[in-house]
Amino acid sequence: MFSAEGTAPTSGARGTARQATTDPQPLHETNHPLRVAIIGGGPGGLYAAALLKRLHPERELTLWERNAPDDTFGFGVVLSDETLGGIEHADPVVYEALQQHFVRWDDIDIVHGGTQHTSGGHGFAALGRKRLLEILHDRCRTLGVELRFRTEAPHPARLAETYDLVIAADGVHSSTREAYAHIFRPQAAAHRCRYIWLAADFPFDAFRFEIAETEHGVMQLHGYPYAADASTVIVEMREEVWQAAGFAELDEQESINRCAKIFADALRGRPLRSNNSTWTTFRTVVNERWSHGNVVLLGDAAHTAHFSIGSGTKLAVEDALALAACLEEQPSLQRALAAYEEERKPVVASTQRAASASLEWFENLELYLGRPPRQFAFNLLTRSRRVTHDNLRLRDAHFTEAVEREFGCPPGTPPMFTPFRMRGLTLRNRVVVSPMDMYSATDGVPGDFHLVHLGARALGGAGLVMTEMVCISPEGRITPGCTGLYTGKQAEAWKRITEFVHTQAPGTAIGVQLGHSGRKGSTRLMWEGIDEPLPDGNWPLVAASPLPYKPDSQTPRQLSRAQLTDLREQFTAAAWRAARAGFDLLELHCAHGYLLSGFLSPLTNLRTDAYGGSLARRLRFPLEVFDAVRGVWPEEKPMTVRISATDWAEGGTTAEEAVEIARAFAAHGADAIDVSTGQVVADERPEFGRSYQTPYADRIRHEAGIPVIAVGAISSWDDVNSLILAGRTDLCALGRPHLYDPHWTLHAAAEQGYEGPGVAWPAPYRAGSRRPRTGRTDAPKPRLTLGS
């Protein structure tokens, strides 16, 4: 989980980097560069040197490291079984040497409030960083690599002129990366916690997370053994806690002593020691490109990922393996470097997303301290989304079952199949079919397509099926194909659908999402050009402010006070029709840049009257609409609100404001907040990834104290179980998975062997309730295999 990379400079050229005035050499048409220069003597650079020399002993390979051979800025390194497997296949000599020095353990201990919970079956292997470097030094020398310690590397431009290939493994502060910053285009993001790498002269029994609630704030210890008589200890806390505790005024030894005192129980009263340790903040480094001419980045020079998932050494070693393999496989250096980047970038991006989730979890640790102890432990273990409910159950069934019992799962019931109650509505499971626009209505009337679409998903077992955004007026439609609830004919058509769901899929609830397109209306059907204006037949648009969504979009009129009153009445009339149509739940759409969302975002609301300016004023009209709708919606039926928790754009809605928005709707009677993000402005820059919107739902749930619906790239039942059991959300809404598989929830039950009351197979479908057998699929072969 951890590596001892830190952010200390490890290698490469010292001093302020300057932009290279000379481009690297043109790429040769050979895939076996004979003269290779490596800048940086960390594990990634050394391992790359050993691999490349072993593949072609005739290579002239020189490595520069500005520090002494035994200088290092960390203590222990943890390597995964996956990484070790790659090393074993590529270089059995290195693998065998590592095996002789590994400390292995299976458990993770989580200590908070004087209570310890242990989860087993995780399987860690660690060794001292100095020992790792010694092994790699010996291997490189044996193979004939020239190692130049205590020596500054020449400027990369000079090396590129005289070597066929230059590998820049010069760490997070890479001078090579900065020399060609105009090519690599790096971005570095600093974070909110301070941390310090230390060591203790005894081995922890397990990977240990210990939480200390001090008078200054929350602090945490991360510790693990790396030798028979030593452990790595990392102490971390928010910047404001670090300042309040006075660490900024302490010297190195005073800091060490203070940390040892705070975590005396974890350390058994033992002291801590340092190795030129300093408090620092982690920087996440991303590069748009990893190679330029015959210069290529590797390891922390190319990317960093937070130490809390132990990825630094792992990623660097895997980079070296991939680079060596690509040089063997491709017909030219140019294609080899392109293939290396193409292969590694998605893997690194996935790791960085997981690391970011873990980092943010620890930054917001205080949010979770009030959770039940075992749920807190489960939440910590699954924070990065790499460890999930299912694989944690395989590793330690006893621990996972204890978390489930504490949560309230009946025996044999996955968390997703536990019921959830809002007002008079009890959902039999936690799965929601997310609202998805179908653009298939005629004059706003849902037809046979909608009956089949929504009916099929209701038969598919979800606890709640949501309609697409149903528009409150003809002018409130996004496209001519959008459904509405502004006529009696539309209401009757919706009643036909709700009656089908209630009759043919008893136990499944159906909800309606009401909204108005605002400035994003009068556009083509999605498959004809999403957000593109209609070629003809456009209708006039209205919005909070007269701002077009895109440069070629229609400019809306700013709503007057009188028009606001009319819109409120249209929402109220649509809600009344929805109640008559038999819907079980109503959701008010205040997200994705549509009309009500346009009032909430400071990027789209530039009004200077009582409905613009501060957040309280921007909330005014959406809250007025909510109150009006709540006034006609049956008291026993719940109402939810969908919001965009961030605009993914500078100056837009912040996560903090999203919490305040949720609090405001909760105070007015909302039963849950459906937490989405973005689609408010066209120039947004979302950070896509698996369940990437869930942290916003998590924060709203814990800070605003209201149930939430998480949505966005949640695709597996394992993710649903993990998010529910960790307490990050109350319900999970899935869209695309239900387009791919209308019976997603039924299949989730079958795959988990669940047959309880949380899901019911329609009688005609029961013969298909067993998962069909599939053919065998072989595991992928090792990335690089060499003879001994």
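Student: Hi! What closed barrel is there, and how do its strands pair?
Tutor: Eight strands close into a barrel in the order β19-β20-β21-β24-β25-β26-β27-β28, with parallel pairing. From one strand to the next, the twist averages 25°. Strands (E, at least two residues) and helices (H or I, at least four) are DSSP runs numbered from the N terminus, and two strands pair if DSSP finds at least two bridges between them.

Student: Where does this model come from, and how is it numbered?
Tutor: It is a predicted model: local features need pLDDT of at least 70 and side-chain atom pairs count only at pLDDT 80 or more, while totals for chains, interfaces and linings use all residues. Residues are numbered from 1 along each chain as its sequence is written, and side-chain values use heavy atoms, leaving out hydrogens and water.

Student: What does pLDDT average over the chain?
Tutor: The average is 92, and 94% of the residues score at least 70; pLDDT is the predictor's confidence in each residue, from 0 to 100. Over residues 1–18 pLDDT stays under 50.

Student: What about α22, which of its residues are buried?
Tutor: Among them are Ala-655, Val-659, Ile-661 and Phe-665. Buried means under 20% relative accessible area, exposed over 50%, and partly exposed in between, with a 1.4 Å probe and protein chains only. The cover over the buried residues of α22 includes β24, α21, β25 and β26 (672–676). Just after α22, Gly-669 has a positive phi of about 110°.

Student: What does Phe-665 touch?
Tutor: Beyond its neighbours within four places in sequence, Phe-665 contacts residues including Cys-590, Leu-619, Phe-626, Val-641 and Ile-673. Together with Leu-485 and Ile-700, Phe-665 touches the most other members of the largest nonpolar core, which has 87 residues. A separate second core of 74 residues includes Leu-51 and Val-296. A nonpolar core is a set of buried Ala, Val, Leu, Ile, Met, Phe, Trp, Tyr and Cys residues joined through side-chain atoms within 4.5 Å.

Student: And β27, which residues are on its two sides?
Tutor: In β27 (residues 708–711), Val-708 and Ala-710 lie on one side, Ile-709 and Val-711 on the other, and all are buried. β27 pairs with β26 in the parallel sense over three bridges, and Ile-673 stands opposite Val-708.

Student: New topic: what open sheet is there?
Tutor: Seven strands form an open sheet in the order β6-β5-β11-β12-β13-β10-β14, with mixed pairing. β6 (115–119) and β14 (280–287) are at the edges with a single partner strand each, so one side of each has no neighbour in the sheet.

Student: How does β6 pair with β5?
Tutor: β5 (residues 108–112) and β6 are antiparallel, over five bridges. Ile-108 has Ser-119 in β6 as its bridge partner.

Student: Last one: is Ser-308 buried or exposed?
Tutor: Ser-308 is buried, with a relative accessible area of 0%. Ser-308 sits in the loop between β16 (295–297) and α11 (312–329).

Conventions: Axes are lines fitted to C-alpha atoms, for helices over the stretch in contact, and angles run from 0 to 180 degrees between N-to-C directions. Contact means heavy atoms within 4.5 Å.
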